[in-house]
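Morning, everyone. Please have the sequence and the 3D view open while I talk.

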Protein chains: 2
Amino acid sequence: MASGLNFLLAARRCEIGELEELAKTSELLGVLGRFTHELQRERGASNVYLGSQGGRFAAQRLEQIAQCERAAGEVRASFDRLDTDPSRVRNGARLFSRIAAVLHAMDALPALRERIAAQQLSPREATDAFVKLVAGLLAVVFEAADSATDPEVSRALVAMFNFMQGKEFAGQERAFGSLVFTSAGNDAAGQQHWRNLIDLQQGCLRVFQEFADPAALLANLSSQDPQVMADLERLRRLGCTPGRLDPDLSQAWFDCCTERIDAMRVVEAQLAANLRHLCGRRIEQARAELRDHQATLESLVRESSPAGPAHYGPHLERSVMALVQEQTLRLQAMSDELDTVRATLNERKIIERAKGLLMAHRHLSEQEAYKTLRQTAMNQNKRVLDVAEAVLAMADVLPAPAR
Amino acid sequence: MASGLNFLLAARRCEIGELEELAKTSELLGVLGRFTHELQRERGASNVYLGSQGGRFAAQRLEQIAQCERAAGEVRASFDRLDTDPSRVRNGARLFSRIAAVLHAMDALPALRERIAAQQLSPREATDAFVKLVAGLLAVVFEAADSATDPEVSRALVAMFNFMQGKEFAGQERAFGSLVFTSAGNDAAGQQHWRNLIDLQQGCLRVFQEFADPAALLANLSSQDPQVMADLERLRRLGCTPGRLDPDLSQAWFDCCTERIDAMRVVEAQLAANLRHLCGRRIEQARAELRDHQATLESLVRESSPAGPAHYGPHLERSVMALVQEQTLRLQAMSDELDTVRATLNERKIIERAKGLLMAHRHLSEQEAYKTLRQTAMNQNKRVLDVAEAVLAMADVLPAPAR
């Protein structure tokens, strides 16, 4: 039985170990959020620069590159500080692969910037390159959320990931809108794409609202300037109206979006700080519980075995049983709650997988694949998730992808 | 970029670390399988002993207790050898809690045996006590299967868990049938319970067949003596026929079941050996791939940077990109496959959770809760899983459990 107690305490210590690893990952996420924001700004500036044939934002773009590089330096330093010892890292295989992909994409930034400076890329090509890098950064955040074993931390991570993803769709909307206003026209396909970006934002923010704690919800609510939101909706309406657009609206659109995205960045930084705080609190809590357990068990062993540690009375017997049962029930409840939180992440995985399948089999771009899923869902009055599941169920009967 | 390569290699090393941990758990599972088998035999002997008012199997029972204690000693030794350092264990919180519960239940065995020897328990009470301990042991196997991150190993673990669980239901059927033949009669509820035990066995063996590799399937097929299976089906039919039973069939039933279960034990031991072999092979494979990676990268760095390690050419650039992409795709494919395998485990979790809910809210035993799910499924022509999901969806509107 003594070894049973040891395993009970070892299980507690492992919980603390898992929380400590989450705390370290949370530090990293704060830094990634900042870098993502700077990249989003650089994407916006590059877009205006390219759209105006280098006429506008030339200086702002260079300033923004300098900001971006500072944030990139912090990211590299954070990566370098990570413990990569395989015997001590839990989610290493997936997390480190994502980081390797991010670092590789970061190394490609200077070449991308040279081509933008020389105006060798269209705004859309430049946007796509930045979108890919940001997607890689968000994939790191997703891995962190997916590997969390504490339901409370997992909730916070799911809320944060969805907020960051929603902010990224807002950034993509800024880029796309700038393109539309600069080119002074929007066709039906463009309007559809714009509506997709709005839907995707709203979908992410709905999940955020479901999982965020009240303080985060309040921070988000109070960050939204009603005037900015009204301007945004007005410009969205104008941008999606067929016919010729006033190119002067381009600047108003960019400023309005930027104001909104910068406000989101403030909320995001607060989410990151809350997450670190939450990890710290959960670690303290788990340590206090471990101390309580140890003290209870020691006093029980003392009381029940005056003849020495080899003898345990029925009193201790019952207390240990209570502790084992409590621990089993607690882990069961945690696991159930975690499954509920993870369901959201799994939905995203299923949609991603269906997208990947469509991309491989029907030679679609990522955006086209998503559009196909979404259009099918609308036509059949189903959720995108249901269509994605149906696509995956059909995977075996699809022809092999052409090379 | 150098650090990108480092993370790529670190990710590989983490995969190897995960496989090494799985290999250790697999060793443990072999020992748990043997102990489970001895417990099942002791349960059977105790059942006959109690059912015959101590008239039969008195000596066999004592012999079997000695066998069981030897296997228990191996289990304790294996537990003691486990690394419980929280910084080095991945699934510690859940695995160690399960182990603590098992050790606690093992400590209660001597008292259980005394009460059986003194005939202070009914056969059904004794059976239930053994069933609980075996369920604890199988929960350890389930945790191991649930924490595996390699799809091939995960498949083998899911196959093994379901085979062990199916064998346990076969053992419960042996115990229940002995009871029926000894008491010389079976009522409608008893017949229903018997059918449930047969269904549960078949469900487990179906999952086993889905996930086992061809060698394991063949081993299982050739282990089944057609004569034994024919006898089993004949005795099942007799046992489920209303009316008076010949008590002499009790011995024939026990022998026939025992022969079948012992044959399953041979297959189970082979599954455990195959699992250890598979882990070893996957580790070797992953190590070879890591060495290949390292060699490729080193030669690329040498070729492309005659001026020194600080300069990388476009050739290396492209090779690294290919490696990063290959790694990402590989992990994605592994994760997809793992999700498919895990779906089976999740189904079990959902049914367990629905059972727990019914037990708490309607004060049912575990068997009654499962019967309720199963009966509802049959009435509504649905799967048990669908009914379990419906029960969980209703959880919020159920009244709070009475204390």
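Start with a term: a salt bridge is a side-chain nitrogen of Lys or Arg within 4 Å of a carboxyl oxygen of Asp or Glu. By that rule, four salt bridges cross the interface of chain B and chain A.

Some ground rules. This is a predicted model, where local features need pLDDT of at least 70 and side-chain atom pairs count only at pLDDT 80 or more, while totals for chains, interfaces and linings use all residues. Residues are numbered from 1 along each chain as its sequence is written, chains are lettered from A and ligands numbered from 1 in the order in which they are written, and side-chain values use heavy atoms, with hydrogens and water left out.

Now chain A by itself. Its secondary structure is 13 helices and zero strands. Those are DSSP runs, numbered from the N terminus: H or I with at least four residues for helices, E with at least two for strands. The C-alpha atoms fill a box of roughly 95 × 50 × 45 Å along the principal axes. Of the 403 residues in chain A, 52% are buried (under 20% relative accessible area, 1.4 Å probe, protein chains only).

Next, the interface. How many residues of chain B are in contact with chain A? The count is 45, and they meet 45 residues of chain A. Contact means heavy atoms within 4.5 Å. The area buried between the two chains is about 4,000 Å², with 60% from carbon and sulfur atoms. Buried area is the accessible area (1.4 Å probe) that two parts lose on being put together, summed over both. Phe7(B), Arg90(B) and His104(B) supply 17% of what chain B buries against chain A, more than any other three residues.

Back to charges. One salt bridge pairs Arg353(A) with Asp339(B), closest N and O atoms 2.8 Å apart. On the chain B side, helices H1 (2-51), H2 (58-81), H3 (92-107) and H11 (314-362) each give two or more residues. H11(B) gives the largest share, 13 residues. By type, that side of chain B divides into 20 nonpolar, 11 polar and 14 charged residues. Here Ala, Val, Leu, Ile, Met, Phe, Trp, Tyr, Cys and Pro count as nonpolar, Asp, Glu, Lys and Arg as charged, and the others, Gly among them, as polar.

Arg94(B) lies in helix H3 of chain B. A polar atom of the Arg94(B) side chain lies 3.4 Å from the backbone oxygen of Leu331(A). Beyond neighbours within four places in sequence, Arg94(B) is in contact with Leu331(A), Ser335(A) and Glu143(B).

Notes:
Buried < 20%, exposed > 50% of the residue type's maximum accessible area, 1.4 Å probe, protein only. Polar contact = N/O pair within 3.5 Å; in protein donor to acceptor, adjacent residues only side chain to side chain.
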